[in-house]
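Subject: Handing over a protein model

Dear colleague,

Please find below the structure that I promised to pass on to you.

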Amino acid sequence: MTDPHVLDLSAAQRSMWFGQRLDPAGPAYNVGEYTEIHGPVDPVLLRAAVRQVVDATETLRVRFAADDETVRQIVDADPHHDLPVVDLTGEPDARSAAEAWMAADFATPFDLDRAPLLRYALLRLADDHWIWYQSYHHIAVDGYSCSLIARRVADAYTALVAGAPHTPPPAPLASLVDADEAYRTGRQQASDREFWTRALADRPDPVGLTTRPPGVADRFLRRTGHLPEAAGDLVHAAAAHAGTRWSRVVLAATAAYLHRLTGARDIVLGLAVTARKSDTELATPGMASNVLPLRLSVRPDSAAFHLVSRAATATRDLLAHQRHRGEDLRRELDWPRDGRRFFGPVVNIMAFGPELRFAGHPTTRHNLSTGPIEDLAVNVYDRADGHGIRVDLDASPAHYTDAELDAHHRRFTRFVEYFAAAVLGPGTPVGRVELTLPEERTEAGLQGAAARGSGTTVPELFAARVAAHPDAPAVVHGERTLSYRELNTRANRLAHRLIALGVRPEDRVAVLMRRSDDLLTALLAILKAGAAYVGLDPRAPAARTRRILAETGARALLTDPGQPTGTYDGIVPVVTVAEDPALATEPFTEPFTEPFTDPRVPLHPAQLAYVSHTSGSTGTPKGVAVTHHDVTALAADSAFGDGAHTRVLVHSPTAFDASTYEMWVPLLNGGTAVVAGPEEDMGATAVARLTERHGLTALWLTAGLFRLAAEEDPGCFAGLRQVWTGGEAVPAGAVRRVLAACPGLTVTDGYGPTETTTFATRRPCPPGEPVPDPLPIGRPLDGMRAHVLDGALQPVPPGTVGELYVAGPGVARGYLGRQAATAERFTADPYGPPGARMYRTGDRVRVTPDGELEFHGRADGQVKLRGFRIEPGEIETALAAHPDVAQAVAVVREDRPGDRRLVTYAVPTEGSAPTPEALRDHLAGHLPDFMVPSAVVVLERLPLTANGKLDRAALPAPPTTAAEPAQPARTSQTPHEEILCALFADVLGLPHVGPHDGFFALGGHSLLALRLLGRVRAALGVELTLRDVFREPTPAGLARLVGTGPTVRPAPRPSARTAQGEAPLSSAQRRLWFLHRLEGSGAAYHVPLAVRLTGGAPDTVALRAALADLVARHEILRTVYPDADGIPSQRVRDSARPELHVVDPVPESELPQRLAELAGAEFHLADGIPFRAHLLVLGPEDHVLLLVLHHIAADGWSLDPLVRDLATAYRARLAGQEPDRAPLPVQYADYAAWQHDVLGHDQDGHLAHWREALADLPDELPLP
């Protein structure tokens, strides 16, 4: 034994030191095992053996001391330690008692300041059954060292029992510390860094079995068990067959398991390694282990044998560079960011020599912990003890439930066996290895209720409604109403006219018409003639329309007056519907020959009904061929059978499949289709007006329009029975606001690609029930089946994310004239009846425990934006067709929270210099408006990774300020121009906008345009339309239209105060001020918001500056509430800089308590601002930002804009800039003063209203 001496820490030890400092009272960094000894034990001799090994092994006598400069480890000469004997022979169940004793002791943390960092005990279960318990801190001992120490104790004990001389080998820590220092200053580290930088140059995006970001847990769940003997034999046989070690088979099986459960093809596992190479290092216990990324490419068609070979090669390369620390690698690569994981599950394979024997007695070793668990650890042992391969799954309880972990363990051990068998098979692919447990195979999909009615056609079903209620209103458009009889007669006449033109069954007839009752007449007539209609968008560029006409082979084009159809002459015969005398509603002034009767055209449910075009990845839109049976199945669904869809609003363009619901659900069920005017924009004002005017019962809005309406006026849906919304993720917060404002309303999330006839699943949110977040997409419609499958078309286990396939009525025939594309997306349904087909949606979903589908993004590059399906490839093809563009990329960005925008990047051809405006105009001439990007960014070259792939993360954000004008800038010339410039800037989030700056050129899109119209209506009292914004997209242009638009009575709104100084309190604030004075400040009136921040540590300097920016922007956050003679007022401080209190460290187990304490701290409203911030440090990459506001300054609704503004300011400060945003038009004090003025003049009137409304209200409402 040596005298006490001091050493530096190795890199591995420093990582453990910092981790423990973050949770000093937690046992997360405890490691250890226990060894069952099957035979008698002499406690005195075992204690002596332990003493010999501790004396020889410096890491077992180490402690750690820190000062302001550094941390050192001190090796003590003779720290006190013992081997207590715990006698459990008197316990009814000695084994259970032993496990309970060890669990309690293992949960006790170590004090790094005190040596030794170990605890041993000897548990007696019987005279011939003992347990040697070993617990260490991970800073002193790693998994390899546990086995090394155990072997040396066993050898010393065996020698003592035999009376043989034995001296354990000395193990000075300096050898490990010196080897680490030599590596870090030598050439090998540079070589290793180069290897890892090259291997991870393209920054892979590792996946795990959960979506939550990783974080160290203070405890973990465990499931353990051995592979059956036959399974273990298969693993060893597979290794021999592949010419490698058995551990490589297990690694390949783990990668295949992760691939099958996630669909990811670039798999990155964490591989635990000893990080020791020299004989000296291998002979010295201590902390040296490392975890590094093991990257494997896995596809469903990958042969299992070849995957094992790749795993062997990748592992060999990793082990050659295993000394480079994983934590250093992450810091050097600055990846991943935003709290994403560095790798998926950590695999630790341990096979450290032959079985231990204590004086000849056999043993069984059991691991207690291999170290901190961030997500999931797969620990695999082959102890050579005759029990075979053992598999432990350790999981964070924050990521997995007991049931989930149990299912994973049973599934994984079974999968390893089947995978090993596949390695021995003749090229068996990974996708064919059975994954699910037998009981899980029936739980991976959902089945809708039995389909209602038999297959029929649209004209047959419509004829039944005519016969039943001929005089009932079928279509309403403005002041005009058509009965079922009238609509039938008009459609019959036009159908006969089409037949006379040569239209035959399954011919396509294009329709280019604005919304009107004539439009519905035309569509019904086409179906009666046996043809299929092709809806065209009047707003689409003529080039795109010509292409669709040519591809569909349209026999005729139906249009209405005013449409520019001359460009289509010679391509297809044009019929102008409203000018055709066969459609007149008054007595005809000239003879006609078209009969009133139904055409005698044979129709079949499988006949084509319409073709709807979607964006195509190859650059050309695809025509989805939908049959009559698909349409009638939708109309007959029980979701629409409750009477809530008797008067449905028709406002979607016929080119989009939402119109199928809007027209045919009411008309084929005896209801009324209410057609919005052709210039009607679907904002909150229009919804409320049309609902009241026409008695609407249901309507459809895209998720973007729904969110916008919920923001502007959540009560606009009052009077409706149902609102269906979808097309992209439906915000749960918007649903809650609408339900709260509209009693009796049901909001339904309707999901379905065009290929499944509008809807495939639905998730109603009825009144009075909680709205989950995220909102699921629900369950299948009647007769439909939803399969959640992996890349090999095998069902995934319940709760696992897979790709959604939809089968049943509603699945379209395919893509018109595109056999290859049809075969790719429409496949045979192996889980349905013979001949059944299913559609591959490309959407990733999982089945929740409640039996609902939950959306988890796309499996490809397709995006949904403002309800429209967009293939970036189509935009890229169109942009690359410009003669001045060499390369093009299209992406969706969200540089402002909640504002997703389509942005394209163009690399010019050599010698050219196209402007963004010219390229955007080019796209506008070839693409529909929803596919025209908000911004085009011209780059010298596209950013690439070291592997030559596009680095999407490095694509720059488009400019956020108005471009330099081509002509000399001028200021606003009129008050209207000045107001509109301010409104443009506010909606677009820009500091300023000039009178000639274009709305769309500055990043605007259709949803923002609707928001602008609402602001114009409120500010100027003028009703403009979306078409006005497209026609005159500048403030100057719209200002010219202000005088011509219809005037509306603007809602009374607050404006900036002209008089500064103290302002009165609002009515809500007066109540809270009174309660504060009466009861004191308490947590009941505090509004806390805790945000988990994972990834790199926040920049506290930038965060403090961002908090100051937030307080400067929102006066309410720097307002105090003094009173004079008991009358309070609000006084805005000129400046206030909120403190950011950093709380370090906070154990995870204490987080809820600390948050509650900080949130409950008292506010002093008379002289202190009602806002404070805390940053709680849980780990090096795990923090919680706590914002606390007094209720007098904010409510729950306020948190969203506050957090958005804080995020914007933080991003700007990180970039060394000030946030560049337009000032707020009004502050809360302005609102309070406005409320005081408005309500103060009619206090009696308001009180009278509420006295009448609440008259005879019972004093108490007894609950059942």
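The side chain of H645 makes a polar contact with the side chain of Q722, at 3.0 Å, and a polar contact with the side chain of Y661, at 2.9 Å. A polar contact here is a pair of N or O atoms within 3.5 Å, where, within protein, one atom must be able to donate a hydrogen and the other to accept it, and where residues adjacent in sequence count only if both atoms are side-chain atoms. Please keep in mind that this is a predicted model, in which local features need pLDDT of at least 70 and side-chain atom pairs count only at pLDDT 80 or more, while totals for chains, interfaces and linings use all residues. Residues are numbered from 1 along each chain as its sequence is written, and side-chain values use heavy atoms, with hydrogens and water left out.

H645 itself is found in the loop between α17 (628-635) and β25 (647-650); helices (H or I, at least four residues) and strands (E, at least two) are DSSP runs, numbered from the N terminus. With a relative accessible area of 4%, H645 is buried, where buried means under 20% relative accessible area, exposed over 50% and partly exposed in between, using a 1.4 Å probe and protein chains only. If its neighbours within four places in sequence are left aside, H645 is in contact (heavy atoms within 4.5 Å) with several residues, including F640, T697 and W724.

Leaving aside its neighbours within four places in sequence, H694 is in contact with V476, G478, R647 and V674. P731, by contrast, is partly exposed, at a relative accessible area of 23%, and is found in the loop between β28 (722-726) and α21 (732-741). Although P731 and F706 are 25 residues apart in sequence, they are 9.0 Å apart in space, C-alpha to C-alpha.

Turning to the whole chain, there are 34 helices and 50 strands, and buried residues make up 55% of the 1264 residues. A compact globule of 1264 residues would have a radius of gyration near 33 Å, and the protein chain has 36 Å, which agrees; the radius is taken over C-alpha atoms, and the globule rule is 2.2 Å times the number of residues to the power 0.38. Taken along the principal axes, the C-alpha atoms fill a box of roughly 125 × 85 × 80 Å. Among contacts between residues at least 6 apart in sequence, 72% join residues at least 24 apart.

The chain is divided into six listed domains, among them domain 1 (5-170) and domain 5 (975-1043), with bounds that come from an automatic or database domain assignment. The centres of domain 1 and domain 5, taken over C-alpha atoms, are separated by 73 Å.

The structure holds 24 aromatic pairs, which are rings of Phe, Tyr and Trp (its six-membered ring) with centres within 6.5 Å, counted as stacked if the planes are under 30 degrees apart, edge-to-face if over 60 and tilted for the rest. In one of them, the rings of F984 and F999 have their centres 5.4 Å apart and their planes at 80°, so the pair is edge-to-face. F984 lies in helix α25 (residues 975-988) and F999 in the loop between α25 and α26 (1006-1020), so the pair ties together parts that are 15 residues apart in sequence, and both residues are buried. In another, the rings of Y1228 and Y1231 have their centres 5.3 Å apart and their planes at 50°, so the pair is tilted.

Finally, some backbone details deserve a look. Most residues other than glycine have a negative phi, and most peptide bonds are trans. The peptide bond from D773 to P774 is cis, with omega near 5°, and that from D1144 to P1145 is cis, with omega near -10°. Phi is positive for A275, near 55°, and for E506, near 75°. A275 counts as buried, at 5% relative accessibility, whereas E506 is partly exposed, with a relative accessible area of 24%.
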